[in-house]
Structures are given as C-alpha cells and as structure tokens.
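These are my notes from going through one model, element by element. I wrote down what I looked up and what I found.

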Amino acid sequence: MGFADFLSDAGLTMLEQWVTTRSYIAGYGPSQADVASFKALPGPPKVEKYPHAWRWYKHISSYQSEFTSLPGDPSKAYTTYGPEKSELTINPKDAPKAAEAEEEEEDDDLFGSDDESEDEEAKKKREENLAAYKKKKEGKTKPAAKTIVTLDVKPWDDETDMTQLEKNLRAIEMDGIKWGASTLVPLAFGIKKLQITLVVEDDKVSIDDLQEQIAGDEDHVQSTDVAAMQKL
C-alpha cells in the first residue's frame with residue numbers, strides 16, 4: 001500500500017506510526033526513502049500531535065546537504081515506502097488499548113462464548129483449554145524493554161580528530177548497548193558534531209552513566225547531549 005498523502009491527517013498518522021519504532025523510513029541509515037518522504041511534507045509535522053514524525057523530520061533535515069549522495073533510487077515516489085497495508089488507529093496513543101481489546105476478542109473466539117449452549121462435557125473441555133492457554137501465556141518471557149537513542153557528541157574545536165573520537169566512543173563496552181549509524185553534522189566555524197544512534201536495554205544501561213564514559217575522552221569530547229529517544 002505505502003504512505004498516503006502527507007497533507008492529510010491519515011497520511012501523517014501513518015507516518016507517525018511508521019517512525020515510532022524506526023529511525024529511518026527504510027533500513028538502518030538515511031537513504032533516498034527518507035529524502036522522498038521528507039520532500040513530500042510541506043514542513044515539520046506538529047510535535048504535539050505527531051512527536052515521532054517530528055523527531056524523524058528534524059533528524060533527516062540535518063542531512064539536506066547530503067540528499068543527492070544518500071543511497072537508494074531517487075526516482076521512487078514516497079508512496080512506494082511505508083506499510084504494505086493500512087494499520088491506522090484514530091489516535092496513535094490509543095493503539096495499545098486497541099491491541100488489548102483485539103487480544104481479548106481472540107481469546108473469546110478461541111475458546112467459545114459463555115453464552116453458547118453446550119453440554120457439560122464440552123463446557124469442561126473448553127474450561128480446560130482456557131486454563132492451559134492462560135498458563136502458557138503467563139509462562140512466556142517478556143522481551144527486554146529497549147530504547148533507541150540519538151546522541152550528539154561535540155568536539156573541542158575544528159582540529160579534533162573526529163575519526164578517533166568515534167573510534168573511542170564505539171570502543172565503550174557496556175552490556176545492553178548496540179551501536180548504530182552515525183554522521184557528522186556541521187555546527188559553526190568548521191566544527192562538526194558526531195551524531196550517532198544506538199539501541200539500549202533499559203534495565204541494563206543508564207544513559208547518564210554512558211554519557212559520563214563518553215565524556216571521559218577528554219582529549220576529544222567537549223560535551224554530549226541526547227538529541228532524541230524513543231521506546232521500542
């Protein structure tokens with residue numbers, strides 16, 4: 001199906017849901033998919049209504065000087081990207097409630113309704129199946145809660161070795177961290193900051209502790225800031 005018209009609420013809601021769990025439209029780095037989608041928007045989405053789409057828009061805007069060199073097919077329309085089928089909800093924040101309701105309906109369908117006429121043997125069998133299903137469901141291990149983080153790492157000046165800075169940063173070993181894509185973003189007077197994404201397991205990693213470790217590279221790092229965070 002792909003994205004709908006970004007001039008409509010439905011199209012923007014579709015984009016909001018798509019980038020809620022993604023940093024980029026396709027893949028793990030900026031591409032022509034992001035360029036096409038970015039250009040299809042008349043401006044940044046409203047942050048109070050589409051916070052994830054706004055975050056994605058601001059992030060991609062930092063690559064505007066590199067748009068022509070990003071990988072991918074620039075001839076593809078933005079409507080070729082996005083979900084294969086529409087999974088819109090009236091309001092993105094209502095999505096978890098809708099999922100819960102749907103799951104409850106599935107449980108009822110699986111084991112039948114209490115209102116159905118049934119003999120004692122069928123009723124007993126249904127109750128046994130329901131008990132076994134609930135036990136199996138409770139025994140499932142929940143996946144670890146994770147967050148996608150975008151960090152801005154600023155050097156001291158334009159003579160700072162940014163390659164070494166990134167190398168030192170990626171050498172930090174903490175259980176629950178997976179480093180992702182990075183890019184250099186111009187600031188002023190020839191100085192560039194390193195913008196890097198990573199996925200952290202919430203129960204294992206403290207962002208404050210990580211920033212302290214990064215700041216420990218005093219020869220290269222002046223400061224760090226969290227540019228964006230989103231739950232997976």
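What do the buried residues of α3 pack against? I worked from a predicted model. In it, the buried residues of α3 pack against α1 (9–19), α2, β3 (192–201) and β4. I then listed which residues these are: A53, R55, W56, Y57, H59 and I60.

I turned to α2, which spans residues 32–40. I found this helix mostly covered, with 7 of its 9 residues buried. The buried ones are Q32, A33, D34, V35, A36, S37 and F38. I looked up their cover and found that it includes α3 (51–61).

Next I checked L232, which lies in the segment after β4 (221–231). Which residues does L232 touch, leaving aside those up to four places away in sequence? I noted T21, K146, T147, I148 and V199. For the pair L232 and T21, I recorded a sequence separation of 211 residues and a C-alpha to C-alpha distance of 5.5 Å.

Last, I looked at surface charge. I found a negative surface patch made up of D119, E120, E121, E127 and E128. I followed up one of its members, E128, and placed this residue in helix α5 (residues 120–138).

Note on methods:
Residues are numbered from 1 along each chain as its sequence is written. This is a predicted model: local features need pLDDT of at least 70, side-chain atom pairs count only at pLDDT 80 or more; totals for chains, interfaces and linings use all residues. Side-chain values use heavy atoms; hydrogens and water are left out. Patches are made of residues with over 30% relative accessible area and no salt bridge: like charges are joined within 9 Å, nonpolar side chains (Val, Leu, Ile, Met, Phe, Trp, Tyr) within 5 Å. Accessible areas come from the Shrake-Rupley method with a 1.4 Å probe; for residues, only the protein chains shown count as cover. A salt bridge is a side-chain nitrogen of Lys or Arg within 4 Å of a carboxyl oxygen of Asp or Glu. Lys and Arg count as positive and Asp and Glu as negative; His and the chain ends are not counted. The place of a charge is taken as NZ of Lys, CZ of Arg, CG of Asp or CD of Glu. Helices (H or I, at least four residues) and strands (E, at least two) are DSSP runs, numbered from the N terminus. Buried means under 20% relative accessible area, exposed over 50%, partly exposed in between (1.4 Å probe, protein chains only). Contact means heavy atoms within 4.5 Å.
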